[in-house]
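Subject: Structure for your review

Dear colleague,

Please find below the structure that I am handing over to you. A short account of what was found in it comes after.

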Amino acid sequence: MTPAQKKIIHKWLWLLAFLLLCTFVYIYPFKNTQVAFFVIVGPVYMLLMSNKSIRESAKGYGTNSLRLPEYLEENPRLKYWMVCFSAIFLPIVIYKLYQSGGESYSLMAVAIVGLIVPPIVLSEIQNFKEAGKDA
């Protein structure tokens, strides 16, 4: 494993720890959940914005740091996933949210995970493979 791959895995582990902490705050019955999220997310946001190397590495998707439209053109399966998810599943989620009065956070999470997470995960996998080519 190359040092660049170790750095990527280190970043993934920090992200996993952050997501587990956010999940704990969501599941554990705090009196003020929104304040707890602000206390957690605020310092993480300040750390990310103050670190220039993190900002520079997060400029785009894939190994070429492309913008999302160009990245989707480069990955047709991901493009079809986004189109199908937006055309078939997302209207159902929006309808269910409308019926529940906007109180279904799990449906919002499904919509976010279905639209935002796949390009990020695919991009990270491509970056990991590209970092391993140097070995």
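The notes below cover a helix pair, a loop residue and a nonpolar core.

Please bear in mind that this is a predicted model.

Two packed helices are described by the angle between their axes and by the distance between those axes. For helix α1 (residues 3-27) and helix α6 (residues 105-132), the angle is about 165° and the axes are 10 Å apart. Since angles over 145 degrees count as roughly antiparallel, α1 and α6 are therefore described as roughly antiparallel to each other. The crossing in which α1 passes α6 is left-handed. On the α1 side, the contact is formed by Ala4, Gln5, Ile8, Ile9, Lys11, Trp12 and Tyr26; α6 contributes Tyr105, Glu124, Asn127, Phe128, Ala131 and Gly132. By class, the residues of this contact comprise eight nonpolar, three polar and two charged.

Asn75 is located in the loop between α4 (68-74) and α5 (76-100). Its relative accessibility is 12%, so Asn75 counts as buried, the cut-off being under 20%. When residues up to four places away in sequence are not counted, Asn75 touches Leu122 and Gln126.

The largest nonpolar core consists of five residues, namely Phe85, Leu90, Val93, Leu97 and Ala111. Helix α5 gives the most to this core, supplying four residues. Val93, one of the core residues, is in contact with Leu107 and Ala111, leaving aside its neighbours within four places in sequence.

With kind regards

Key
Residues numbered from 1 in each chain as written. Predicted model: local features only at pLDDT ≥ 70, side-chain atom pairs only at ≥ 80, totals over all residues. Heavy atoms only, no water. Axes fitted to C-alpha atoms, helices over the stretch in contact; angles between N-to-C directions. Helix = DSSP H or I, 4+ residues; strand = E, 2+ residues; numbered from the N terminus. Parallel < 35°, antiparallel > 145°, perpendicular 65-115°, else oblique. Left-handed = near helix turned anticlockwise from the far one by under 90°. Contact = heavy atoms within 4.5 Å. Nonpolar A, V, L, I, M, F, W, Y, C, P; charged D, E, K, R; others polar. Buried < 20%, exposed > 50% of the residue type's maximum accessible area, 1.4 Å probe, protein only. Core = buried A, V, L, I, M, F, W, Y, C linked by side-chain atoms within 4.5 Å.
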